[in-house]
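Student: I have a protein model open and would like to talk it through. Could you help me find my way around?

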Amino acid sequence: MAQPIGKVCVTGAGGYVGSWVVKHLLSNNYAVHGTVRQPGDAKYAHLTQLEKASDNLKLFKGDVLDYDSLCSAIAGCTGVFHVASPVPSSTVPNPQVELIEPAVKGTLNVLKACLEANVKRVVVVSSVVAVSLNPRWPEGQIKDESCWSDKEYCAATNNWYCLSKTEAESEAFEFAKRSGLDVVSLCPTLVFGPLLQSSINASSLVLIKLLKEGYDSVENKVRQIVDVRDVAQALLLAYEKPEAEGRYICTAHKIKTRELVDKLRSMFPQYKYPKSYTEGGKEHMISSEKLQKLGWSYRPLEETLVDSIESYKEAGILD
Ligand SMILES: NC(=O)c1ccc[n+]([C@@H]2O[C@H](COP(=O)([O-])OP(=O)(O)OC[C@H]3O[C@@H](n4cnc5c(N)ncnc54)[C@H](OP(=O)(O)O)[C@@H]3O)[C@@H](O)[C@H]2O)c1
């Protein structure tokens with residue numbers, strides 16, 4: 001087997017996005033250190049089954065709130081992909097402890113450990129929710145990487161996940177400025193695509209519910225969708241391209257819920273789709289032009305939907 005081209009660390013390696021990042025790195029011939037919170041747990045079995053994992057993947061016990069655990073995983077790595085962050089499916093009782101602390105303190109711990117280990121570049125997975133919640137952005141103007149969500153607005157509207165991602169990403173760039181660490185961030189929109197892990201993550205649940213719940217009514221809002229495999233590719237580009245800098249919005253398809261459901265129904269008529277729609281909700285116009293200039297491209301939405309549904313069927317989530 002060819003020698004790995006470099007050693008990198010992925011935090012949150014067992015999650016939805018993290019698993020695809022690990023898979024993509026292994027197939028691109030990297031040696032990977034992955035952090036997981038409970039090594040040995042069956043929920044990480046898919047990682048050890050990935051191609052090249054037996055030679056090139058090493059899992060470490062790592063909690064982002066435990067600085068020392070991160071240092072062991074990051075030591076000897078040239079690059080780090082910081083993916084780990086809580087992503088709730090519903091409201092949480094204590095957002096400060098459950099969301100904001102792990103996101104913000106966790107990110108700073110990862111960055112400190114990277115500085116200590118002389119890591120060359122850190123790619124932080126942020127989110128479009130750190131871009132789009134800005135009521136002061138001029139109406140009708142496309143949001144690009146210069147737009148930041150307004151933290152006070154996020155808090156006032158109880159958007160705690162959005163606050164956690166906005167604060168984590170802005171603190172990451174402040175840390176980079178202070179320390180000279182090379183930090184690049186990626187801000188994906190709603191991520192769909194096949195599951196590698198056995199549990200159901202929050203964004204996949206959005207699609208699964210549209211297929212299974214048979215809602216009487218749902219909001220016909222605009223969805224910005226990107227495939228998990230294209231996110232993994234974007235993260236690798238952000239790591240490998242020397243000219244990559246700052247933030248990158250990562251989005252592929254804009255579609256209203258009704259149109260999405262019609263598309264799904266035409267391919268898979270057997271599921272329990274929403275019965276009616278309510279109008280409303282503001283459209284966020286955003287652009288991934290900067291990422292595309294870096295060489296990123298994305299697959300068609302139909303491919304994402306078909307591969308997602310096939311993977312849900314295989315996992316026994318859908319009939
Ligand atoms: N999916 C999307 O639509 C989407 C869109 C934009 C951005 N993102 C970002 O992508 C990243 C991954 O999300 P995902 O969709 O893959 O969700 P996920 O499957 O729930 O993954 C979250 C990961 O974070 C880890 N984690 C949470 N708290 C941690 C802690 N205290 N210490 C260490 N690890 C911790 C989890 O580890 P365990 O496996 O141990 O629980 C898990 O691996 C997040 O940063 C999220 O904000 C996701």
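Tutor: Let us begin with helix α9 (residues 228–240), which lies across β7 and β9 and runs at about 65° to β9. Please keep in mind that this is a predicted model.

Student: What is the order of the strands in the open sheet with β7 and β9?

Tutor: The order is β7-β9-β11, an open sheet of three strands with mixed pairing. Its edge strands are β7 and β11 (253–256), each of which pairs on one side only. From one strand to the next, the twist averages 45°.

Student: How many bridges join β7 to β9?

Tutor: Three bridges join β7 to β9 (residues 222–227), and these two strands run parallel. Phe 192 stands opposite Asp 227 in β9.

Student: How do strands in a sheet pair in general?

Tutor: Strands of a sheet pair through backbone hydrogen bonds, and the pairing is either parallel or antiparallel.

Student: Now the seven strands: in what order do they form a sheet?

Tutor: They form an open sheet in the order β3-β2-β1-β4-β5-β6-β10, with parallel pairing. β3 (57–61) and β10 (246–250) are at the edges with a single partner strand each, so one side of each has no neighbour in the sheet. The twist here averages 20° from one strand to the next.

Student: And what joins β6 to β10?

Tutor: Five bridges join strand β6 (residues 183–188) to β10, and the two run parallel. Leu 186 has Tyr 248 in β10 as its bridge partner. Helix α9 packs on this sheet as well, touching β4, β5, β6 and β10, and its direction makes about 160° with that of β6.

Student: Which strands does α1 lie across?

Tutor: α1 lies across β1 (7–11), β2 (31–36), β3, β4 (79–82) and β5 (121–125), running at about 170° to β1. α1 also gives the most to the shell around the ligand, with three residues.

Student: Which residues come nearest to the ligand?

Tutor: Of the 26 residues around the ligand, Gly 12, Gly 15, Arg 37, Ser 85 and Ser 203 come nearest. By class, the shell has 14 nonpolar, nine polar and three charged residues.

Student: Changing topic, how many helices and strands does the protein have?

Tutor: The protein has 12 helices and 12 strands. Its radius of gyration is 19 Å, close to the 20 Å that the globule rule gives for 319 residues, so the protein is as compact as a globular protein of that length.

Student: Which feature does UniProt place at residues 8–245?

Tutor: The unreviewed UniProt entry places "domain: NAD-dependent epimerase/dehydratase" there. Over residues 8–245 the chain is 42% helix and 18% strand.

How values were computed: Residues are numbered from 1 along each chain as its sequence is written. This is a predicted model: local features need pLDDT of at least 70, side-chain atom pairs count only at pLDDT 80 or more; totals for chains, interfaces and linings use all residues. A residue is near a molecule or strand if its C-beta atom, placed from the backbone, lies within 6 Å of it. Helices (H or I, at least four residues) and strands (E, at least two) are DSSP runs, numbered from the N terminus. Ala, Val, Leu, Ile, Met, Phe, Trp, Tyr, Cys and Pro count as nonpolar, Asp, Glu, Lys and Arg as charged, and the others, Gly among them, as polar. UniProt positions are given in the numbering used here, feature names are shortened, and annotations may be inferred rather than shown by experiment. Two strands pair if DSSP finds at least two bridges between them. Axes are lines fitted to C-alpha atoms, for helices over the stretch in contact, and angles run from 0 to 180 degrees between N-to-C directions. Two residues are in contact if their C-beta atoms, placed from the backbone, lie within 7 Å. The radius of gyration is taken over C-alpha atoms; the globule rule is 2.2 Å times the number of residues to the power 0.38.
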